[in-house]
Amino acid sequence: MSALPRAPSAKAATERDAMPDDQLMLAYAHGDAAAFDVLYARHEGGLFRFVKRLLGARLAAQADEVFQDTWVRIISARESFSPQGAAWRTWAFTIAHNLAMDRLRVSGREVALGAHPDDDGDAVPTLDCGVRGAVDAAAHPSAEELAFWRAAGRRLLACLDELPVDQRAAFLLHHEDGLTVEALAASLEIGFETVRSRLRYGLQKLRGCMERYLSVLEQRA
């Protein structure tokens, strides 16, 4: 009788948990199915949130399908992934972005936004304690504070849904996934200034939409 396959050792599992995404993907491409399990567990939540927020409220019911399609594409492309290209997370989120954008185009909701000149030459503004603060929970919030943060979080999601889809995608990739402007331009194959403009105008609209909550935060600062 042939020996039963042995379960991965605790040491092997620990080593996988410590491996960078790129190495996990390469290991999976060479037949290590457990490496894929680690990748999936590590990025399942972030990818799903990104897809759902990019699709917006009207297409939220399709988020599961786009999310699953993203992982199917990742699996299908495992042998073509190269760590010399984009980092795995950037590569995966770009796949999710493209699939979501395809779904938005089919739905007729896409709003194209061309680049606008950036006269002042300032860096793209960050959220700092503004819009991002509206979704950061306080360390030990009171009932009143908790209600405020929950309401602000719901408002932020509604404000994101009101953005033109190109601006929303740039915002989510930059502020939620942490892509730099340079990485965004390379991943989406658009100009650097186009990315800067989408981020700038998207943030301006979000700040206006979140004005009531931001004014409260400014008074507390």
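Of the 221 residues of the protein, 42% count as buried, meaning under 20% relative accessible area with a 1.4 Å probe and protein chains only. The model is predicted, and local features need pLDDT of at least 70, side-chain atom pairs count only at pLDDT 80 or more, while totals for chains, interfaces and linings use all residues. Residues are numbered from 1 along each chain as its sequence is written, and side-chain values use heavy atoms, with hydrogens and water left out.

The secondary structure comes to ten helices and zero strands; helices are DSSP runs (H or I, at least four residues) and strands are E runs of at least two, numbered from the N terminus. The accessible surface, from the Shrake-Rupley method with a 1.4 Å probe, is about 12400 Å², and 53% of this surface belongs to carbon and sulfur atoms. Among contacts (heavy atoms within 4.5 Å) between residues at least 6 apart in sequence, 69% join residues at least 24 apart.

Two packed helices are described by the angle between their axes and the distance between the axes. The table gives one such pair.

| Helices | Angle | Axis distance |
|---|---|---|
| α3 (residues 33-55) and α4 (residues 63-76) | about 140° | 9 Å |

This angle makes α3 oblique to α4, as angles under 35 degrees count as roughly parallel, over 145 as roughly antiparallel, 65 to 115 as roughly perpendicular and the rest as oblique. Residues in α3 that meet α4 include Phe-36, Leu-39 and Tyr-40, and among their partners in α4 are Val-66, Phe-67 and Trp-71.

Notes
Buried < 20%, exposed > 50% of the residue type's maximum accessible area, 1.4 Å probe, protein only. Axes fitted to C-alpha atoms, helices over the stretch in contact; angles between N-to-C directions.
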